[in-house]
Amino acid sequence: TRQIAWGLVNLNLDAGDFFVERLSAEHPGQVLHGNAWVPLQERQETILVKGGAAVPLVVRSTPHGPLVDHLQPDQQQALSFRWVYAVAEDANDINGFYDLNRARDWTGFRAALSQFGAGAQTATYADAQGHIGMQVSGRIPLRAGRPDGLGYRAGWTGRDEWQGFLPFARNPSVFDPPAGLIAVANDPPPRSPELYLSAYYEPEDRIVRIREMLGRKERFSLEELGRMQSDVVFVTGRALAPQVLAAFAADPPREPALRAALEALRGWDGAMTVDSTGAAVFAVFYKHLFPEIFADELGDKVVAALRSRNNQSAVMLHAVLNGGLERWFDRQDTPQVEDRAAIFRAALGKAATELTRRLGEDPAQWRWGRLHQILFRHPLGRVRVLAPLFNEGPFPLPGH
């Protein structure tokens, strides 16, 4: 608006818990809660299906929330799910957005955000007077017993219950910090150590790079800020490339493709540009690195599932690569004890093989833009004969 500007980044709040429930075998329809048997609540829902018959659904709920164990294959325990959105009855996210668009200052901005329930966001603020701020929105559960939300909770003892929500005034907040800048990228906000928000945040690459660029000086032109928006330096790639080179220092490879892959990483600055061979080599190496570390313990099925869940696999990789969890490098299916260098050598070997197979034996053709592409699909382009008329691309795409 004319007075303020704001932006939202997902807080990744742990906003739900599974409760293990004890259902009565003698008295069907009852659940043990606080050492007393109470009736399950039932309601009828009708799911309308386009082009088909409506599907009736009976929702059975405990005092914690609906029973959901039937939705999970091979689940043997009765599980209910407690979720902020269903519990925070006083919240009004829609009205919060309405007021947010009409706020004129920091006070009005925070008042609007105080109405958010499920909308757990790290909201950034700037105004025409030169003030900046950050405010966490959303209802933050207070958990009895184990303070985090990383495991199943007992539904019958009363010791694992939610105890309401953190008062909004205690939600993490920053206004005009001495550093003169605020940066957020789905990373943990400044908070007291005992306040549990989440066990999952996005990888640190973006926030590290943002702070790196903003820390270069105090004032920036619009053009400089625009270049920041389109920056494609992959911080993890820039940091790991020298480690990959070091893994081969004692025993340089003889295979031409592997030698070419190493040479591409030598001097690479981490920029994922479309014409970069180093970017192509590192990206394919990075893809193979996760299963090389985790597949022997977790199995191919679990590894594939983790890699499909946004950046969960990258968070796990960072945890191991940052030190303290070196035992994951040792493969369980071999008699020898592998270390970081051995895993790096194996992953780069598979990357060189894949690049040769997909892009040819000439390393000059190993360009990131040949692997990383975008196709703009029109709805009518889903029909094969119409695809050339309605779809655009594929186009080489920078970044990772």
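User: Why is Asp 74 called exposed?

Analyst: Asp 74 has a relative accessible area of 74%, and the word exposed is used for values over 50%, with buried meaning under 20% and partly exposed the range in between (1.4 Å probe, protein chains only), so Asp 74 counts as exposed. This is a predicted model, in which local features need pLDDT of at least 70, side-chain atom pairs count only at pLDDT 80 or more, and totals for chains, interfaces and linings use all residues. Residues are numbered from 1 along each chain as its sequence is written, and side-chain values use heavy atoms, with hydrogens and water left out.

User: Where does Asp 74 lie, and what is its phi?

Analyst: Asp 74 sits in the loop between E7 and strand E8 (78-83), where strands (E, at least two residues) and helices (H or I, at least four) are DSSP runs numbered from the N terminus. Its phi is near 65°, a positive value in a residue other than glycine.

User: Is Asn 186 buried or exposed?

Analyst: Asn 186 has 15% relative accessibility and therefore counts as buried. Asn 186 is found in the loop between strand E14 (173-175) and H4, and its phi, near 60°, is positive although the residue is not glycine.

User: Why are H6 and H11 called roughly perpendicular?

Analyst: The axes of helix H6 (residues 235-247) and helix H11 (residues 340-359) cross at roughly 95° and come within 9 Å. Axes are lines fitted to C-alpha atoms, for helices over the stretch in contact, and angles run from 0 to 180 degrees between N-to-C directions. Angles of 65 to 115 degrees count as roughly perpendicular, under 35 as roughly parallel, over 145 as roughly antiparallel and the rest as oblique, and H6 and H11 are therefore roughly perpendicular to each other.

User: Which residues make the contact between H6 and H11?

Analyst: With contact meaning heavy atoms within 4.5 Å, H6 contributes Leu 240, Gln 243, Val 244 and Ala 247, while H11 contributes Arg 340, Ala 341, Phe 344, Arg 345 and Leu 348.

User: What makes E5 and E7 edge strands?

Analyst: The open sheet of three strands has the order E5-E6-E7, with antiparallel pairing. Strand E5 (41-47) and strand E7 (65-66) each have a single partner strand, so one side of each is left without a neighbour in the sheet.

User: How do you know that E6 and E7 pair?

Analyst: Two strands pair if DSSP finds at least two bridges between them, and strand E6 (residues 55-62) and E7 are joined over two bridges in the antiparallel sense.
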